Every structure is written in C-alpha cells, then in structure tokens.
Amino acid sequence: MAKGEGAESGSAAGLLPTGVLKAGEHPAQVMMVRARHPAWKKEPKKKQQLSICNKLCYAVGGAPYQVTGCALGFFLQIYLLDVAQVDPFSASIILFVGRAWDAFTDPLVGFCISKSSWTRLGRLMPWIVFSTPLAIIAYFLIWFVPDFPQGQALWYLLFYCLFETLVTCFHVPYSALTMFISTEQSERDSATAYRMTVEVLGTVLGTAIQGQIVGQADTPCLQVPNGSEVASEGANRTHSSTSLRGTQNAYLLAAGVIASIYVICAVILVLGVREQREPYETQQAEPMSFFRGLRLVMSHGPYIKLIAGFLFTSLAFMLVEGNFALFCTYTLGFRNEFQNLLLAIMLSATFTIPLWQWFLTRFGKKTAVYIGISSAVPFLILVALKESNLIVTYVVAVAAGISVAAAFLLPWSMLPDVIDDFLLKQPHSHGTEPIFFSFYVFFTKFASGVSLGISTLSLDFAGYQTRGCSQPARVRFTLKMLVTMAPIVLILLGLLLFKLYPIDEEKRRQNKKALQALREEASSSGCSDTDSTELASIL
C-alpha cells in the first residue's frame, strides 16, 4: 500500500510545474484535490458511433461513381459501335486508352491528395467539391455525337479521358474517406455496408435510367436480303437516319438525368459528412513523402495478396459487364430485353448486400469471398452450355446478382483491415490511406482497360458488323467465350490467390485491440500537456 501511495504522489507532483506547490504542501494533498474535483474525474472513453444519418450521407456519395460507371461500362461499347458508328478498331483504342488513362490517374490523384493540407472542409472534401461541376460537363459530352465524322474517335477519346480524370478526383478521396469517418472498425464496416448498398442501388439507377430511356428508342440496323451484315445501298436511308437521330437524343437525355443525380449526391455527401483525424496523426511533425509511402505500401504482404486476388475476380465481372449488352443482343437474341436483364442483375445485387454484410460478420470475410464470388460459376456454365431461353436467362441473371453483391462489398470491406494491419507495423506512416485505395483502383482499372480493349479487338477480328441486325457465328461464339468461360477461369484464379491472404477473423480482432490501445495512449499523451495548467488553476 505504501509503495502504491508513493508512486501516486510522485506522479501527481510530476504533473505540476516548479513553484506550483506551496511550502510544506505534500503531493498527496494534490491528489486529494484532484480526486474531489469534478474536472479531474476520469470518464470512461465512449465508443465513437456514427448516426444512421451520417452513414446514409456517406453512402450516398458512392452513387455518382457507380451510376456513371455503370452507364459507361454497360452501354459505351455498343454506343460507340452502333450509335456513333465508330469502327471496332477505333472503339477498342478508345476503351483501352480511356481505362488505362483512368488507371494512371488514380495514383497521381492519390499522390496529390497525400500532399494536400487540412482545410476547414478537411483534406479530402475540397477535391470532391471542385471536381463535380467539370465532371458532369465532360460526362454529357461523351454521349454527344459531333457533326465531323473524321474526328469522332478523337472526340470520344478526349472527353472519355477527361471525365475519367475528374471522376477519379471525386472517387479516390471518397474511398479514402472510409478511414476518416470513424476510428472504430465496426463503425467503418457498418458504413461500408451502407455505402455498398447505395452503390449497388446506384448501378440499378444507372442501368434503369440508361437502359429504359435508350430502350424506348428504335436503334436501326441494316441487313441485306441475303442475310449478310453489310451496309445496304437499298435500305431506307431516310428512316434509318431519323431513327438514329432519335437514339442519339435518347442517350443525351439519359446523360442529363444521370448528371443531375451526380450533383445531388455530391451535395448530400459534402453537407452530411465530416472528416476526422486520427489522434496520433496530429502529433506527426511532417507527413511522409509519397514515394517512401508507396514503397512501404507495396512491400506490405497482405495488401499485395488482397489486390492480386481481387484483380482477377474484378476482371471477370468487368468482362461480363463490358460485353453483356452485345451478348444479349446478338448471341442470345434478346435485343429488346438486355436492359431488363441488367436491371434484374442489379436489383438482385441490391437486395443481397445486407445478406452478405450479415454473412461476413457471422462467418468471416474470407469465407464470404469463397462462397459469394464462386456462386457465379455454376450459372455462367449454364449460360455457356444451354441454348438461348429467356426464362432461364432471367433466373441466371438473378443468381448472378447475388455474386455481384459479394464482389461489390468485400474489397472495400477488407481494405480497411489491411490498412489497420499496416498502421500497426508502421505506426508513424500516416497519410498513406489514399495510396492504398488509389493503387487498388489503379490495378483493377488498368486490367479492365486491357480486357475491354482486347475483347473489342477480338470482335473486330471475328468480323463484327457495325449496326448489323445479326452477327456472324464467329462473333456470337466470341461473345459467349468473353461472357462465360473467360470469367470462370479468372474467378478460379482469384480464389486460389485468396488462400494466401493472411488476415482472418482472429488476426482482425488482435489488430483492433492493438489499435485501440495505440489510440488511447495517443489521446492521453495529447492531454498531458494541459494537465499541469488545469491542476494549478484548481489548487
């Protein structure tokens, strides 16, 4: 007991500057005052919780990227080929260069964000605010058909790259915002589930708006009497030109509606979410350099294994996304149903996001990866082997949506776990969060650009006919391989790589406890500088 009292007295005296204690005053008296005074009663640390309103406002911010990305991913290829009438080779260049440029802008924007200083709005929010108006202008011009046919390819390439740059300035800081809305891992996971639900709703909205508005227009096709898909001199050119102009106007109308949604969601995000700094981040003397942070991030084993696994699985779903409209139109023969099939996939994904959130909480994230993503394989095999049947196709679309939901949710739910593990091993390496998110997006976008470019080029080699009412057998077979067998192989490769991912549920719990201890230590050390002044005032 005496030893304990002496230790407390010494610690109390150590808090006071020289000269504060009066002559003859024992340090134990200081402790008595401290114990009696309300200001010195230590309150238990409250868990930092986000309100439902905060989570919803944060989640709504993910919709612009998904609404525009869904419209571009599902419809840009068929728009370039059949509406803008760009030749397949030029279309493949536009799709590949646009996605590749989009991939390279992610780490570039991540670098610029890491050098940004904190403002009244935060460090990330200014990027979102200033990129939004320019992004919607560029997006609208992607869906505009210029009057100079010789420079059309350059027009679409320019505005596609410009839009992808601006939407990256929105999405990279928004993705990194996950780490700054709360220090609680459970709250971040919950907010991520809200975000994924809204993002899938965004894809539903993008699919519904783009698909239903464009689907009401009669896109003309050309076919000669012998059935070969070449431009026919005897076709009714006046009717064809009028119908084509109506289709182009339908794409512009859909672009205007989607641009309005983009602005509304950005406003809700900025007004409803506030960035929070880590306690120990504010104590850093100066931020880490980007290239040193990049070396540390790329040498972190769990991060490399995670992005390698999701690189292949994301690539599989992007192949399906990019070629699905052409596959439904020409291989399955459902020219007037593909927008409804897309809607069935996205609605199924939306309703199963909460199911996957419960599942990963109950059984763990790695188990959710294996079951959720692999569930698409049997249905892709069914589509590959069975003859075209509309009812079976709708059943497969609903089942595929379940797997799409898992592919949406899990990467963004697992990345914060990797960052937590990194911060424990590199406790002074703050400001690297945008690097984690931007390079994950970089690898997936670059791979998707390669896949879209190669798939469109494959259609060119197979003999794709622009605006044809039907396509040769080689084109139909190529589309079937791109939508079924290639994604199956990529999914299986991705799941094999996930076996190497080391952060399981036990490791997550250990990291959570260690980080909580680190935050409490940082908070207490931050308060110790003011203790002496406050105690002297009380005395």
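In this predicted model, Glu506 and Arg509 form a side-chain salt bridge with an N to O distance of 3.1 Å. Both residues belong to helix α18 (residues 505–538), where a spacing of three residues puts them about one helical turn apart. Glu506 is partly exposed at 41% relative accessible area, and Arg509 is partly exposed at 46% relative accessibility. A network also occurs, in which salt bridges with shared partners join Lys365, Asp417, Glu505 and Arg508.

The count of salt bridges in the model is eight.

| Pair | N to O distance | Location |
|---|---|---|
| Glu506 and Arg509 | 3.1 Å | helix α18 (residues 505–538) |
| Lys425 and Asp421 | 3.3 Å | helix α15 (residues 390–425) |
| Lys55 and Glu187 | 3.6 Å | helix α3 (residues 52–60) and helix α8 (residues 185–215) |

Lys425 and Asp421 are four residues apart in helix α15, about one turn of the helix. Asp421 has a relative accessibility of 2%, which is under the 20% cut-off, so Asp421 counts as buried.

Which parts does the salt bridge between Lys55 and Glu187 tie together? The side chains of Lys55 and Glu187 meet at 3.6 Å, N to O. Because Lys55 lies in helix α3 and Glu187 in helix α8, the pair ties together parts that are 132 residues apart in sequence. Lys55 is buried at 9% relative accessibility, and Glu187 is buried with a relative accessible area of 8%.

Note on methods
Residues numbered from 1 in each chain as written. Predicted model: local features only at pLDDT ≥ 70, side-chain atom pairs only at ≥ 80, totals over all residues. Heavy atoms only, no water. Salt bridge = Lys/Arg side-chain N within 4 Å of Asp/Glu carboxyl O. Helix = DSSP H or I, 4+ residues; strand = E, 2+ residues; numbered from the N terminus. Buried < 20%, exposed > 50% of the residue type's maximum accessible area, 1.4 Å probe, protein only.
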